[in-house]
Amino acid sequence: MAVAAGLLAAAVGTPWPQPAKTGPVWPPPPDEARIRYVTTISKPADVGAGPSLLGRLWSVVAGRSRRPELIRPQAVATDSAGRLLVVDTEQQMVHVFDPGRKRYAYLAGPFASPVAVAVGPGDVAYVSDAGRRRVFAFGPDGKLLRTFGQAGSEAVFTRPTGLAFGPDGLLYVLDALGSRVTALSPQGTFIRAFGKYGNGPGELNRPTHIAAGPDGLLYVVDALNARLQVFATDGTFVRSMGKRGNGTGDFDKPKGIAFDPDGHVYVAEALHDVIQVFDAAGRLLLVFGSSGGGPGQFSLPNGVHMDRAGRLYVADALNARVQVFQYVRGANAD
């Protein structure tokens, strides 16, 4: 594994700029804004990392030509220090942007097709690799700590995709081809698995993304069934949300899922290049975005993530960037 040594120390300071008062907001005036555009991240310079540092970083990558910029961002996560981790499937690596310290690092471990990332206790980063059929755990210093999914173990994956930590502290791993959800301890001990192929209640067809809601439930993007499936952490089916269609509030090509501090559900709709926001009951509240390359526009939005400060990160895959938005709470958007 190649990693930029010494750059994964704790970040300090305020990570991101404040949303521009004149930037895009949703819904537009005269309605009260709930989402504000903040910034775009595509390269180390966007967090103030200098070229001399980048030269040293890139000199240690061997065996493959990689560039210090996003090419095909697939998934996003943040850690407790405010660092942004971005899975870049095209470059087979994970970029680590540190806006607090104006630094940049990367993980270029034993990846073939990394697709998702989740940060667990102790800021350990867990990366699923659909090609290797493994989940890799990296320490805050970038060292590979553990590998899950080896042949002969109880947790064997056919195509691991989405990752999320539940309220019980367990790591939940989606298996797209296996149509199931596997619960592991942070150390990789198999706890349970649930789900099976189908289109009935609690059945799955190519699940791709997962998030834990503030209600303690697990929300699974059941991609080819064009819906969300909601489970208790013990695997009990609770309900479904959404339906197939090309209208506002429908799902056609659902991707990433996240929750804001008030429990609203954000789902990337990749076919229509928008983010749809629902309440916990599945009622549509807001749609934002459009096709294009400007601020607040998307081209195949994929993974989404909301941090504790209410910042929403969207992996804007074909625009080769991550867009950052701010969820606005309260009665006054200003």
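In this predicted model, strands S20, S21, S22 and S23 form, in the order S20-S21-S22-S23, an open sheet of 4 strands with antiparallel pairing. Strands, like helices, are DSSP runs numbered from the N terminus, where a strand (E) has at least two residues and a helix (H or I) at least four. Two strands are said to pair if DSSP finds at least two bridges between them. The edges of the sheet are S20 (254-259) and S23, each of which pairs on one side only. On average, neighbouring strands of this sheet are turned by 20° against each other, direction ignored, where the axes are lines fitted to C-alpha atoms (for helices, over the stretch in contact) and angles run from 0 to 180 degrees between N-to-C directions.

Residues are numbered from 1 along each chain as its sequence is written. Because the model is predicted, local features need pLDDT of at least 70 and side-chain atom pairs count only at pLDDT 80 or more, while totals for chains, interfaces and linings use all residues, and side-chain values use heavy atoms, with hydrogens and water left out.

Strand S22 (residues 274-278) is largely enclosed by the rest of the structure, because 5 of its 5 residues are buried; buried means under 20% relative accessible area, exposed means over 50%, and partly exposed lies in between (1.4 Å probe, protein chains only). In a regular strand, side chains alternate between the two faces of the sheet. Both faces of S22 are covered, with Val274, Gln276 and Phe278 buried on one side and Ile275 and Val277 buried on the other.

Strand S21 (residues 265-269) runs antiparallel to S22 and is joined to S22 by 5 bridges. Within this pair, Glu269 has Val274 as its bridge partner, and Ala268 stands opposite Ile275. The hairpin of S21 and S22 has 4 residues between the strands, and Asp273 takes a positive phi near 60° there.

On to the next strand: S22 and strand S23 (residues 284-288) also run antiparallel and are joined by 4 bridges, with Leu284 in S23 as the bridge partner of Phe278. The hairpin of S22 and S23 has 5 residues between the strands, and Gly282 in the turn has a positive phi of about 95°.

**Salt bridges**

Side chains of opposite charge can pair when their charged atoms come close. A salt bridge is counted when a side-chain nitrogen of Lys or Arg is within 4 Å of a carboxyl oxygen of Asp or Glu, and by this rule there are 12 salt bridges.

| Salt bridge | N to O distance |
|---|---|
| Lys43 and Asp46 | 3.2 Å |
| Lys196 and Glu203 | 3.8 Å |
| Arg311 and Asp307 | 2.9 Å |

Arg311 counts as buried at 14% relative accessibility, and Asp307 is buried with a relative accessible area of 11%. Salt bridges that share partners also join Asp79, Arg83 and Asp123 into one network. Lys43 is partly exposed at 37%, as is Asp46 at 30%, whereas Glu203 counts as buried at 18%.

**Arg180**

Arg180 is found in strand S14 (residues 180-184) and is partly exposed, with a relative accessible area of 22%. Leaving aside neighbours within four places in sequence, the contacts of Arg180 include Glu154, Val156, Asp175 and Leu204, contact meaning heavy atoms within 4.5 Å. The backbone oxygen of Val156 lies 3.5 Å from a polar atom of the Arg180 side chain. The C-alpha atoms of Arg180 and Arg206, 26 residues apart along the chain, are separated by 8.9 Å.

Technical notes
Polar contact = N/O pair within 3.5 Å; in protein donor to acceptor, adjacent residues only side chain to side chain.
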